[in-house]
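Dear colleague,

Please read the notes with the coordinates open beside you.

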Amino acid sequence: MNSHTNNKLFFSPQWPCPPQVKAFSTLRGHRDINCHYSGFNLSDTVNDEPSNVQNKRQYLQDTLQCPSPPYWLQQVHSTTITSLDSTKPVLQADGAITQTP
């Protein structure tokens, strides 16, 4: 996975890892100074239009060809890491781990 070539909406680190390990980081993308949430906002906690957030999340999922919907974490700027293998993962966290392929 590399950056989306047109919009630079995400990038993948170039590091040695097993082929089943995937990683990426999203970027803000193009921003219109007249529209507060015009960038690539994926958060549903900042009063952005819910349909805009859902459309951007779906676009990312489709573009990255995710085999299943991602878990969307509510970033809390802490040291909290959640295990997605638990029956009820804590989604207010700043990172997630799993041992499930």
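**A buried arginine and its partner**

Arginine 57 is buried, because its relative accessible area is 11% and the limit for that class is under 20%. Please keep in mind throughout that this is a predicted model. The side chain of arginine 57 meets that of aspartate 44 in a salt bridge, with 3.9 Å from N to O, and the pair links distant parts of the chain, since arginine 57 belongs to helix H1 while aspartate 44 sits in the loop between S2 and H1, 13 residues apart. Aspartate 44, for its part, counts as exposed, because its relative accessibility of 58% lies over the 50% that the class requires. By the rule applied, the count of salt bridges comes to 1.

**The chain as a whole**

The secondary structure of the protein chain comes to 1 helix and 4 strands, which follow the pattern β-β-α-β-β when read along the sequence. Of the 101 residues in the chain, 20% are buried.

The C-alpha atom of leucine 9 is separated by 6.9 Å from that of phenylalanine 40, although the two residues are 31 apart along the chain.

About 2,200 Å³ of space lies in the largest pocket. Among the 49 residues that line this pocket, Phe24, Pro70, Tyr71, Trp72 and Leu73 are the closest to its centre, and the elements that give two or more residues to the lining are strand S2 (25–26), H1 and strand S4 (95–97). By residue type, the lining divides into 26 nonpolar, 16 polar and 7 charged.

Leucine 73 is classed as partly exposed, because its relative accessible area of 30% falls between the limits of 20% and 50%.

With kind regards

Methods. Residues numbered from 1 in each chain as written. Predicted model: local features only at pLDDT ≥ 70, side-chain atom pairs only at ≥ 80, totals over all residues. Heavy atoms only, no water. Buried < 20%, exposed > 50% of the residue type's maximum accessible area, 1.4 Å probe, protein only. 1 Å grid on protein atoms, 1.4 Å probe; cavity = no way out; pocket = protein on both sides within 12 Å on 5 of 7 lines; lining within 4 Å. Points joined across faces, edges and corners; volume = space filled by probe spheres on them. Nonpolar A, V, L, I, M, F, W, Y, C, P; charged D, E, K, R; others polar. Salt bridge = Lys/Arg side-chain N within 4 Å of Asp/Glu carboxyl O.
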